[in-house]
Amino acid sequence: MKIANHNYFRAAVLLETLAQQGVKRVVISPGSRSTPLARTADLSGRFQCDVILDERSAGYFALGCAKAEQRPVILICTSGT
């Protein structure tokens, strides 16, 4: 697979590594800086992606999913708040 943009390539490598480690769910709180990572996760077809606009709610949702499923969950967001 040829990926022209370095950010998308790095996102693909990171997500592939995490998928190999058993990660199956991604919670996305979208923002412009996380677009390559969020799009790559969604388009890969390897993850169940949930989109939650509020970052704090997304964090708690991801934590709840991780506890309920007993496996790591990826949280993609751009804010440090």
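Predicted model: local features only at pLDDT ≥ 70, side-chain atom pairs only at ≥ 80, totals over all residues.
Close-up 1. Helices (H or I, at least four residues) and strands (E, at least two) are DSSP runs, numbered from the N terminus. Helix α3 (residues 55–69) also packs on the sheet, where it touches β1, β2 and β3, and its direction makes about 165° with that of β1. Residues are numbered from 1 along each chain as its sequence is written, and side-chain values use heavy atoms, with hydrogens and water left out. Local features need pLDDT of at least 70, side-chain atom pairs count only at pLDDT 80 or more, and totals for chains, interfaces and linings use all residues.

**Close-up 2. Which residues of α2 are buried?** They are Pro36, Ala38, Thr40 and Ala41; buried means under 20% relative accessible area, exposed over 50%, and partly exposed in between (1.4 Å probe, protein chains only). Their cover includes α1 along with β1, β2 and β3. Just after α2 comes Gly45, with a positive phi of about 80°.

**Close-up 3. Helices α1 and α2 meet in a right-handed crossing.** Two packed helices are described by the angle between their axes and the distance between the axes. For α1 (residues 6–20) and α2 (residues 35–44), the axes come within 9 Å and cross at roughly 50°. The pair is therefore oblique: angles under 35 degrees count as roughly parallel, over 145 as roughly antiparallel, 65 to 115 as roughly perpendicular and the rest as oblique. A crossing is right-handed if the near helix is turned clockwise from the far one by less than a right angle, and left-handed if anticlockwise. On the α1 side, look for Asn7, Tyr8, Ala11, Ala12, Leu14 and Leu15; α2 brings Thr35, Pro36, Leu37, Arg39, Thr40 and Ala41 to the contact. By class, this contact has eight nonpolar, three polar and one charged residues, where Ala, Val, Leu, Ile, Met, Phe, Trp, Tyr, Cys and Pro count as nonpolar, Asp, Glu, Lys and Arg as charged, and the others, Gly among them, as polar.

**Close-up 4. Three strands form an open, parallel sheet in the order β2-β1-β3.** Two strands pair if DSSP finds at least two bridges between them. The edge strands, β2 (48–51) and β3 (74–76), each pair on one side only, and the twist averages 20° from one strand to the next. Strand β1 (residues 25–28) is joined to β3 by three bridges, with Ile28 opposite Ile76. Four bridges link β1 and β2, and Val26 has Cys49 as its bridge partner in β2. Arg25 and Val27 point one way from β1, Val26 and Ile28 the other, and all are buried.

**Close-up 5. Pro30 is found in the loop between β1 and α2.** Its relative accessible area is 42%, so Pro30 is partly exposed. Not counting residues up to four places away in sequence, Pro30 touches Val51, Ile52 and Leu53. The C-alpha atoms of Pro30 and Ala68 are separated by 23 Å, with the two residues 38 apart along the chain.

**Close-up 6. Gln70 lies in the loop between α3 and β3.** Gln70 is a residue other than glycine with a positive phi, near 55°. Its relative accessibility is 68%, so Gln70 counts as exposed.

Notes:
Axes fitted to C-alpha atoms, helices over the stretch in contact; angles between N-to-C directions. Contact = heavy atoms within 4.5 Å.
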